[in-house]
Amino acid sequence: MSIAVVTDSNSGITQKQAEEMGIYVLPMPFFINDEIFFEDLTLSQEQFYERLKEDADIKTSQPSPGEVMDLWDKVLEKYDQLIYIPMSSGLSKSCETAIMLAMDDYQDKVFVVNNQRISVTMRRAAMDALNMIQLGYSAAEIKQKLEEEKLEASIYITLETLKYLKKGGRITPAAAAIGTVLNIKPVLQIQGEKLDAYAKVRGKDAGKKKMLEAIRKDLDTRFAKHKGKMHIDVAYSGNPEEAEEWLKEIKEYFPEFDDIIMDPLSLSVACHIGYGALAITVSKSI
């Protein structure tokens, strides 16, 4: 049976890259001042950050059931089955919606993976699915394998500003004001289901150092048994020049990793952390 891989734009995969990779990407919708936009179709990274700087009212949303099914139907005109990898169910209800749609109308045709991933780790999951198709795995086996390995990943993020954590209610206005005065930079982590605080440091350089140490610790503890099977990747929110310098630091710190991918953070994450963030991820190769 022919099998396709479908994911959404939270993976950081652009429409152009998807075409080159041979997969399909569902664009995530956003409301900006109550007008709807779709990531990488009617809303570019540059346009998003311009509107963010203007303090536009930006809200994340999830694709409508109709949009999801339209893409599935289009793909199933060419393929017998598809693997659908949406963003982490802990960060959005879009995964839950997709599972219900697949159960009701697409049994044995659509296999929804509750992969608990986002950004570059989600891209890696899509790449793993492609590899398993080439190796002859069935759609059911690929879904099972991706879900078995879903928590074998970490993301750490340091921020430029506390403004959007305050706006989203994750920290109080008083804490944001004190943090800004003291140049406190939180380091956040995503491990599976949610975005959590990991550490607080003084200055962005200290934040980068803390993230490198966190990844090294993960490699030496959680992932020690997977030595030689891990990927390190990089993400950022609107600051590619700074991200290039960050990439150089990572390569110097981890010279054993030579296949590092660097992507813009998905806009669904950027909405909550703002411009200027830097991130590093580690994930197990399947």
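Analyst: What follows sets a few computed values against their definitions. This is a predicted model, in which local features need pLDDT of at least 70, side-chain atom pairs count only at pLDDT 80 or more, and totals for chains, interfaces and linings use all residues. Residues are numbered from 1 along each chain as its sequence is written, and side-chain values use heavy atoms, with hydrogens and water left out.

User: Why are α3 and α4 called oblique to each other?

Analyst: Helix α3 (residues 65–76) and helix α4 (residues 94–105) pack at an angle of about 55°, with their axes 11 Å apart. Angles under 35 degrees count as roughly parallel, over 145 as roughly antiparallel, 65 to 115 as roughly perpendicular and the rest as oblique, and α3 and α4 are therefore oblique.

User: What makes the pair of Y156 and Y198 edge-to-face?

Analyst: Rings of Phe, Tyr and Trp (its six-membered ring) pair if their centres lie within 6.5 Å, and planes under 30 degrees apart count as stacked, over 60 as edge-to-face and the rest as tilted. The ring centres of Y156 and Y198 are 5.0 Å apart and the planes stand at 70°, so the pair is edge-to-face. Y156 lies in strand β8 (residues 153–158) and Y198 in strand β10 (residues 195–202), 42 residues apart.

User: How do you know whether Y156 is buried or exposed?

Analyst: Buried means under 20% relative accessible area, exposed over 50%, and partly exposed in between (1.4 Å probe, protein chains only). Y156 has 2% relative accessibility and therefore counts as buried, whereas Y198, at 32%, counts as partly exposed.

Notes: Axes are lines fitted to C-alpha atoms, for helices over the stretch in contact, and angles run from 0 to 180 degrees between N-to-C directions. Helices (H or I, at least four residues) and strands (E, at least two) are DSSP runs, numbered from the N terminus.
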